[in-house]
Amino acid sequence: MSNKINIYVTQPCLPPLEEFIPYLEKIWESKWLTNAGPYHQKLETALAQYLGVEHLALFANGTLALITALQTLRITGEVITTPYSFVATAHSLVWNSITPVFVDIDPVDCNIDPDKIEQAITPHTSAIMPVHCYGNPCNVERIQQIADTYGLKVIYDAAHAFGVRYRGESLLNHGNLSVLSFHATKVFTTFEGGAIVCPDAKTKQRIDYLKNFGHAGEVTVVAPGINGKMNEVQAAFGMLQLQYIDAAIERRRRIDVLYRKLLSGLPGIACLSRRSDATCNYSYFPIFVSSDYPLSRDALNSKLRDNNIYARRYFYPLITEFPMYRGLPSSERSNLPVATDVSGRVLCLPIYPNLSDGQIADIVEVIASSKRAGQ
Ligand SMILES: *Cc1c(COP(=O)(O)O)cnc(C)c1O
């Protein structure tokens, strides 16, 4: 089998270009390009309603939103987090002069293992920053219980969790703050973008100050803020994209169902299990390669590449393997046996709305055609 076109792990789902033109015309007419313009205000309201959250502050990207979320709650010292994530999770801590303390993950959901959090708490710990990995909800009840017991704040890196509902309400309503990313590779995109979800108007006000240099009026600066503002073109694109998001997630769901059907029974290939009490946005399709499969994870990845299929090893290497984190005591591999094992076996297969059923069948065919030597 030879694919003529390259299939990447994700591809943005772009609405017809002509539908975006009227939005741009409005921006050109108003000449209001950024600083809480009309589309920015519309998108904050529309997203809060769509997601089912009280307040939401838009950002230029998810990383600035993470950095600002930590500033919002004045987090210092040490923060407990996961090594099994995109590197921005830990970087946001370092940009606040906070020391990340890495805790191992649960092998079933790939999220921080709540049973291992308490032993990582020290007198310097001020918060927990878990990640809803692949959009799979963390054990939010256990994490909140631990946070309450020790007087810690909880900031969720919810970059994967756009639109996920858990036990009848938005997953983003858990913790003190949740942070979204609208990067081009995410389920909902504004090219670059992000948001902080918060429960009350007072916190939203502080976030709005912080993302605009701390300006609280023409001649008043109340905090050493940053420039984290989303511009009008991004926000307008978000408004257009929102019209298509339900259809996009539905198509992702069908792809997920098809993958699971076609991959079922293949020895050594396991799919991520999903909770029955949460909805899913089907943002990623990780598979886990075990020794029952004829090839190693990396050999399978190479074989897919030979067929122009570009899967990604999310999350390999672990954040703790990068030079700026490797020296921390909590980065020791012996502290992270599960994350180390999962990171060595995971492969995220292509999933995006424009991926066709035929392409999915081709991808699975490459995976299924591997035979052990001699077979
Ligand atoms: C994408 C992502 C981020 C960073 O978001 P940007 O919008 O790209 O800055 C942070 N954390 C996780 C888990 C992500 O996947």
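The chain has a radius of gyration of 21 Å over its C-alpha atoms, which agrees with the value near 21 Å for a compact globule of 375 residues, the rule being 2.2 Å times the number of residues to the power 0.38. This is a predicted model, in which local features need pLDDT of at least 70, side-chain atom pairs count only at pLDDT 80 or more, and totals for chains, interfaces and linings use all residues. Residues are numbered from 1 along each chain as its sequence is written, and side-chain values use heavy atoms, with hydrogens and water left out.

Buried residues, those under 20% relative accessible area with a 1.4 Å probe and protein chains only, make up 52% of the 375 residues.

I turn now to the aromatic rings. The whole structure holds 17 aromatic pairs, meaning rings of Phe, Tyr and Trp (its six-membered ring) with centres within 6.5 Å. Tyr 8 and Tyr 310 are stacked (planes under 30 degrees apart), because their ring centres lie 5.2 Å apart and their planes meet at 25 degrees. This pair links strand β1 (residues 7-8) with strand β13 (residues 309-310), 302 residues apart; strands are DSSP runs of E, at least two residues, numbered from the N terminus. Tyr 8, at 43% relative accessibility, is partly exposed, a class lying between buried and exposed, the latter over 50%. Tyr 310, at 21%, is also partly exposed.

What of Phe 20 and Phe 237, buried or exposed? Both are buried.

Conventions: Rings of Phe, Tyr and Trp (its six-membered ring) pair if their centres lie within 6.5 Å; planes under 30 degrees apart count as stacked, over 60 as edge-to-face and the rest as tilted. Helices (H or I, at least four residues) and strands (E, at least two) are DSSP runs, numbered from the N terminus.
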